[in-house]
Amino acid sequence: MNKKALSLKYQKKQKHLKNKNMKNSPISPKLNNFIENWFEAKKELFTFVSVDDFDENDIEGTLKKHIKRFEDTKKIYIWTGESEKTIFASAEINHKFRAWHDFYHITKNLSYNPKGEILVCEEQKKDLPKNFDFEKNLLDIEIKGQIQYFEQKNKFVSNQYDFCIEYLKNGIEGALKIN
């Protein structure tokens with residue numbers, strides 16, 4: 001879908017969101033429902049944890065540790081922190097999104113570096129139905145857009161919801177203005 005068509009599709013979504021309390025509304029209820037269903041089919045693989053064992057100074061070692069734990073326990077640990085202000089408007093859906101995302105990191109041995117993140121994004125987009133063009137764009141913003149933000153600002157996006165809305169309206173240039 002081209003940028004103009006996505007922009008028109010976003011404008012329709014934006015009208016829908018204006019009729020609700022935006023802070024409590026997911027950007028795409030359709031994506032939330034997909035994530036919920038995906039997770040339900042694989043929920044036995046995941047354990048939610050409050051302690052993040054990701055070592056940003058050793059991302060490859062972290063991936064190896066996560067893969068080893070999965071091989072030994074058949075469980076993927078999903079960190080539940082920093083789940084406010086996301087495009088899903090629900091901490092629970094954000095955790096399930098992380099489960100879906102980390103599933104590909106761990107089962108396909110895809111690095112936590114930017115290249116690996118992009119490959120995971122592509123795997124996730126393959127899971128979505130053909131008519132989920134807007135939702136595929138949301139995944140690109142959520143993953144690839146946040147990589148761009150990090151590379152420019154050397155910090156993570158603090159408000160993913162506002163970042164995504166700004167990105168949809170004004171591209172990465174506008175989204176980079178988000179603190």
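Biologist: What does Gln160 touch, not counting residues up to four places away in sequence?

Modeller: Gln160 touches Lys85, Thr86, Ile87, Asn94, Glu142 and Gln146 on that count, where contact means heavy atoms within 4.5 Å. This is a predicted model: local features need pLDDT of at least 70, side-chain atom pairs count only at pLDDT 80 or more, and totals for chains, interfaces and linings use all residues. Residues are numbered from 1 along each chain as its sequence is written, and side-chain values use heavy atoms, with hydrogens and water left out.

Biologist: Is Gln160 called buried or exposed, and why?

Modeller: Buried, because its relative accessibility is 15% and the label applies under 20% relative accessible area, with exposed over 50% and partly exposed in between (1.4 Å probe, protein chains only). Gln160 belongs to helix H7, residues 160-175; helices (H or I, at least four residues) and strands (E, at least two) are DSSP runs, numbered from the N terminus.

Biologist: Where is Asp162, and what makes its label what it is?

Modeller: Asp162 is also in helix H7. Its relative accessibility is 28%, so it counts as partly exposed. Asp162 and Ile87 are 75 residues apart in sequence, yet their C-alpha atoms are 8.2 Å apart in space. Ile87 is also among the residues that Gln160 touches.

Biologist: How confident is the predictor in the chain?

Modeller: The mean pLDDT, the predictor's confidence in each residue from 0 to 100, is 88 for the chain, and 87% of its residues reach 70 or more. Over residues 15-21 the pLDDT is below 50, and this stretch has eight contacts in the model beyond near neighbours in sequence.

Biologist: How do you know what to call Lys96, buried or exposed?

Modeller: The relative accessibility of Lys96 is 7%, so this lysine counts as buried. Lys96 is in helix H4 and touches Ile35, Glu36 and Phe39, leaving aside residues up to four places away in sequence. From Lys96 to Thr80, 16 residues apart in sequence, the C-alpha distance is 9.5 Å.

Biologist: Where is Ala89, and why does it get its label?

Modeller: Ala89 is in the loop between E2 and H4. Its relative accessibility is 30%, so it counts as partly exposed. Along the chain Ala89 and Pro29 are 60 residues apart, and their C-alpha atoms are separated by 9.6 Å.

Biologist: What volume does the largest pocket have, and which residues lie nearest its centre?

Modeller: The volume is about 1,300 Å³. The lining has 34 residues, and Trp79, Arg98, Glu117, Gln146 and Phe156 lie nearest the centre. Helix H3 (59-73), strand E2 (76-79), helix H4 (91-107), helix H5 (114-127) and helix H6 (133-153) each give two or more residues to this lining.

Biologist: What makes that a pocket and not a cavity?

Modeller: On a 1 Å grid over the protein atoms alone, a cavity is a set of points where a 1.4 Å probe fits but cannot get out, whereas a pocket is an open set with protein on both sides within 12 Å along at least five of seven lines; lining residues have an atom within 4 Å of a point. Grid points are joined across faces, edges and corners, and the volume is the space filled by probe spheres set on the points.

Biologist: How do the lining residues divide?

Modeller: The lining has 15 nonpolar, eight polar and 11 charged residues. Ala, Val, Leu, Ile, Met, Phe, Trp, Tyr, Cys and Pro count as nonpolar, Asp, Glu, Lys and Arg as charged, and the others, Gly among them, as polar.
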